[in-house]
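Please review the following briefing alongside the sequence and the coordinates. It covers strand pairing, helix packing and selected backbone angles.

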Amino acid sequence: MKLSQLFLDNRQILSFEVFPPKPEVPLETLLESIPGFRELSPDYISVTYGAGGSTRGRTVEIASTLKNTFGIEAMAHLTCVGHSMEQIDGILENLKRENIENILALRGDPPIDQPDFDFSRGAFRYANELIAHIKKQGDFCIAAAAYLEGHVDSRRLAEDRKWLRQKVDAGVDFLVTQLFFDNRLYFEFLDRAAQEGINCPIVPGVMPIFSSRIKTMTARSGCSIPAQLVLMIDKYHDSPEDLRKAGIEYAGRQIRELLDGGAPGIHLYTMNRLKSTTEVLKAAGLR
Ligand SMILES: Cc1cc2nc3c(=O)[nH]c(=O)nc-3n(C[C@H](O)[C@H](O)[C@H](O)COP(=O)(O)OP(=O)(O)OC[C@H]3O[C@@H](n4cnc5c(N)ncnc54)[C@H](O)[C@@H]3O)c2cc1C
């Protein structure tokens, strides 16, 4: 089923994001938790496309298992960075073969150890080009990424929104945001996106704080952490379990407020953690 159909029902959509385990780790470590995730009744689960390449081959396999073995609707992430046209078309063919109808189309990041990476080596320079290509190659529902605080490479927010509009015009059905911790950013972004003529659903992506590693993650992606959260992370620096619990409470409140404010759904970055995901949904009063 195409996920664009879900948004027509006018109800709030719950989705989870999982990532493929490293190649040396058996797939079962993730698959064993899928029945538990299914119990939480997500509308779909998305599977990331491994940055750096080592887990890329597993994305289609996991998405297919979610859909064809567990009966959960799936969305496969796909990045174009460094890929030739033939490689992209090969992946699209695999997705069609596995009956996966939903793609989160992304540019992707260059390898960490290659700061001077030449993006022109791949067939597509930006996500909008990949989106236009996917549109031509098959009947897929296409999602794309949105950055409430601007993409980390972007010089100006207005410029970033212009490129976002271009991406949507290329054929995006809905957008999923990068993680953020201050809901005002989301609601203000909705207003600015509407002014830019972006009218598709914009689903907030929420990542609970599971550990103090969040600081590195946000620094890399250009997301801000509100002072209140910095203090919280600092307070529980020597007590990871207390930090996890406080992070779950915070995420629960954040989700509740987003849904009460009319967000079209929630995309939860689960980090493959079933227990914490279950606790977050409970804290949000959702399951
Ligand atoms: C919900 C979500 C899921 C993600 N999943 C993955 C994943 O599975 N695997 C992974 O590797 N990464 C993932 N990422 C990270 C993403 O790949 C990076 O943030 C990447 O740097 C940008 O990808 P994009 O598709 O947003 O790029 P684009 O939309 O192409 O934008 C990239 C940069 O170029 C600028 N730009 C865009 N178009 C133009 C243009 N025409 N001319 C000039 N500048 C332009 C933008 O402002 C931005 O600064 C995800 C991000 C999000 C928010």
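Predicted model: local features only at pLDDT ≥ 70, side-chain atom pairs only at ≥ 80, totals over all residues.

Residues are numbered from 1 along each chain as its sequence is written, and side-chain values use heavy atoms, with hydrogens and water left out. Helices (H or I, at least four residues) and strands (E, at least two) are DSSP runs, numbered from the N terminus.

- Nine strands form an open sheet with parallel pairing, in the order β7-β6-β5-β4-β3-β2-β1-β9-β8; two strands pair if DSSP finds at least two bridges between them.
- The edges are held by β7 (202–203) and β8 (205–206), and each has a single partner strand, so one side of each is left without a neighbour in the sheet.

**Strand β2 and its neighbours**

- Strand β1 (residues 13–18) is parallel to β2 and joined to it over four bridges, with Ser15 opposite Tyr44 of β2.
- Strand β3 (residues 74–79) also pairs with β2 in the parallel sense, over three bridges; here Ser46 has Met75 of β3 as its bridge partner.
- Strand β2 (residues 44–47) is covered on both faces: Tyr44 and Ser46 on one side, and Ile45 and Val47 on the other, are all buried.
- Buried means under 20% relative accessible area, exposed over 50%, and partly exposed in between (1.4 Å probe, protein chains only).

**Helices on the sheet**

- Helix α4 (residues 57–69) lies across β2 and β3 and runs at about 170° to β3.
- Helix α6 (residues 127–137) packs on the sheet and touches β3, β4 (102–106) and β5 (141–146), with its direction at about 150° to that of β4.
- Axes are lines fitted to C-alpha atoms, for helices over the stretch in contact, and angles run from 0 to 180 degrees between N-to-C directions.
- Contact means heavy atoms within 4.5 Å.

**Packing of α8 and α11**

- Two packed helices are described by the angle between their axes and the distance between the axes.
- For helix α8 (residues 183–195) and helix α11 (residues 240–260), the axes come within 10 Å and cross at roughly 25°.
- The two helices are therefore roughly parallel (angles under 35 degrees count as roughly parallel, over 145 as roughly antiparallel, 65 to 115 as roughly perpendicular and the rest as oblique).
- On the α8 side the contact involves Asn183, Tyr186 and Phe187, which meet Gln254, Glu257 and Leu258 in α11.
- These contact residues divide into three nonpolar, two polar and one charged; Ala, Val, Leu, Ile, Met, Phe, Trp, Tyr, Cys and Pro count as nonpolar, Asp, Glu, Lys and Arg as charged, and the others, Gly among them, as polar.
- Asn183 counts as buried because its relative accessibility is 6%.
- Leaving aside its neighbours within four places in sequence, Asn183 is in contact with Gln254, Glu257 and Leu258.

**Positive phi in loops**

- Ser41, in the loop between α3 (34–39) and β2, has a phi near 55°, a positive value in a residue other than glycine.
- With 42% relative accessibility, Ser41 counts as partly exposed.
- Met271 is not a glycine but has a positive phi of about 55°, and Met271 lies in the loop between β9 and α12 (274–283).
- Met271 counts as partly exposed, at 26% relative accessibility.
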